[in-house]
Every structure is written in structure tokens, then in C-alpha cells.
Amino acid sequence: MVAIFALGILAHSSGLTASVAEYWGDIRYLSIQHLELTAISGAMAIVIGIPLGVLLARGKLGFMGPIIAQIVNLGTTIPTLAILALAMTVLGLGSPPALFGLTVLTILPIMLNTIAGLRSIPPALIEAARGMGMTNGQILMKVELPNAMFVILAGIRTALAINIGTVPLAFLIGGGGLGELIFTGIDLMDTGMLLAGAIPTALLAILVDIAASQVQFWLVPRGINPLR
């Protein structure tokens, strides 16, 4: 409480509260854009990353598995700005190239954690399920995924944190988001505008991480949840 009170006094004395009040309308509008980009790209990464991780963990892709894994790894080693620039040349300006770049950036942690979670399941557990007459699909849905869910959700939590911190770069290709205040503030050397974009971005990252941690805490069953 003392720390929060001291930060409040510091913010008021530095004129930060006045800056936030001045740009409040922009902050509210751009924050919604920011969250929309994160939600859409994060959802696409989850829809692609988890099935891809399942296929790679089970070896269903054969010789294509290592090739696909290397392609995904290569996509994350390329700088984000380069991915956005390449996507812009094909998809033009606006949200589509931003969503493409953010999705590529977000897939890897989800895919790797899905693989790690599935491979960490004791073979005896799978053999017991098979001995009970379960099919491969039933084993996946009722044994493997529930037991790997904590690790998978940890990957999603990490991916969303990376995603929401990268969204400001979408402004550079017309994608919107709080990057508009951040980069415009840098160009104009306006500290108030810069902080009006940077602070909400940090707060959104914290709030999204807290929400993801709560989902991880309550969704994973008690017996296999180390947090419970």
C-alpha cells in the first residue's frame, strides 16, 4: 500500500496523470484494438499450435515432422519486424499482415509445450488405458491431453505474454494498437504520449498473464495441478 501511494504521488508530481487524462480517449480505443489483435492472433496460434504439437509428439507426420519443426523454429528466429515487412509485401497494410506475423511468433511456445507435455506422460498410464480397451482417440482426449494440460496452458500463457508485448509493432504497418501512442511519442519526443502508450501496454500484459494463470489454476484438475 505504501508503494502504491508513493507511485501515485510520483505520477501526479511528474504530470503523468495529466498525460493519461489527456490521451484517455485514445488509450481506450487503442487498447481495444490491442486486445483484438492479441485475441485473434492468439486464437489462431492455439488452433494451429496444439494440433501440430500433438502430431509431432505422436510422430504422425513421419519424415515431415522434423521439417515442419524447423520451419516453425525458423519463423521465430527471423526478427518480428522482418516478418511483418515480408507479410506486408503480400497482404498489404493493416491488420492481416500484423495478424500473420503475430500468429507466427506465438505458435512456437504453444507447439513446444504441447510436445513436452505429451511426452512427459508416463508410458504405463497410456498402456493401462490401452489395456482398458480405449482407442487412440480416446487415449488422446481422456488421458494424454488432460495430463498434459498444465504444461500446454503454461505455453499458451507464455505465448500470450510475448504476443501482447509485440503488438505495438503492428502500428508500423498500419495494424493499430497502443504502438500508435508509443512510436508517435518517440517521433515527437513527447514523453507523456509515449508513457500513455507504454504503461497501458505493460498493464495489459500483466492482466492477461493473471487471467491466463487463473485459467491454468482452475481448468487443470486438482490431482495433476501442481498449483493446487
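The protein holds ten helices and zero strands, where helices are DSSP runs of H or I with at least four residues, strands are E runs of at least two, and numbering starts from the N terminus. Following the sequence, you will read the pattern α-α-α-α-α-α-α-α-α-α. This is a predicted model, in which local features need pLDDT of at least 70, side-chain atom pairs count only at pLDDT 80 or more, and totals for chains, interfaces and linings use all residues. Residues are numbered from 1 along each chain as its sequence is written, and side-chain values use heavy atoms, with hydrogens and water left out.

**The whole protein**

Of the 228 residues, 39% are buried; buried means under 20% relative accessible area, exposed means over 50%, and partly exposed lies in between (1.4 Å probe, protein chains only). The protein exposes about 12,400 Å², and carbon and sulfur atoms supply 73% of that area, computed by the Shrake-Rupley method with a 1.4 Å probe. Among contacts (heavy atoms within 4.5 Å) with a separation of 6 or more, 71% join residues 24 or more positions apart.

**Two helix pairs**

Helix α8 (residues 136-166) takes part in both pairs described here. Axes are lines fitted to C-alpha atoms, for helices over the stretch in contact, and angles run from 0 to 180 degrees between N-to-C directions.

| Pair | Angle | Axes | Contact residues by class |
|---|---|---|---|
| α6 and α8 | roughly 160° | within 8 Å | 14 nonpolar, seven polar, one charged |
| α8 and α10 | about 170° | 9 Å apart | eleven nonpolar, three polar, two charged |

In these classes, Ala, Val, Leu, Ile, Met, Phe, Trp, Tyr, Cys and Pro count as nonpolar, Asp, Glu, Lys and Arg as charged, and the others, Gly among them, as polar.

Given their angle, α6 and α8 are therefore roughly antiparallel, a label for angles over 145 degrees. Their crossing is right-handed, which is the case when the near helix is turned clockwise from the far one by less than a right angle. Residues making this contact include Leu102, Leu105 and Pro109 of α6 and Leu145, Ala148 and Val151 of α8.

The packing angle also makes α8 roughly antiparallel to α10. On the α8 side, the contact involves Phe150, Leu153, Ala154, Arg157, Leu160 and Ile164, and they meet α10 residues including Thr201, Leu204, Ala205 and Asp209.

Leaving aside residues up to four places away in sequence, threonine 201 touches His34, Ile164, Pro168, Leu178 and Ile182.

Ile182 is also one of the buried residues of helix α9 (residues 179-188), together with Gly179, Leu181 and Gly185. Their cover includes α3 (24-58) and α10 (191-219). Just after α9, methionine 189 takes a positive phi of about 55°.

**Leucine 81**

Our last stop is leucine 81, in helix α5 (residues 80-91). With 45% relative accessibility, leucine 81 counts as partly exposed. Leucine 81 touches Leu169 and Leu172, not counting residues up to four places away in sequence. Alanine 98 lies 17 residues from leucine 81 along the chain, and their C-alpha atoms are separated by 9.9 Å.

Methods:
Parallel < 35°, antiparallel > 145°, perpendicular 65-115°, else oblique.
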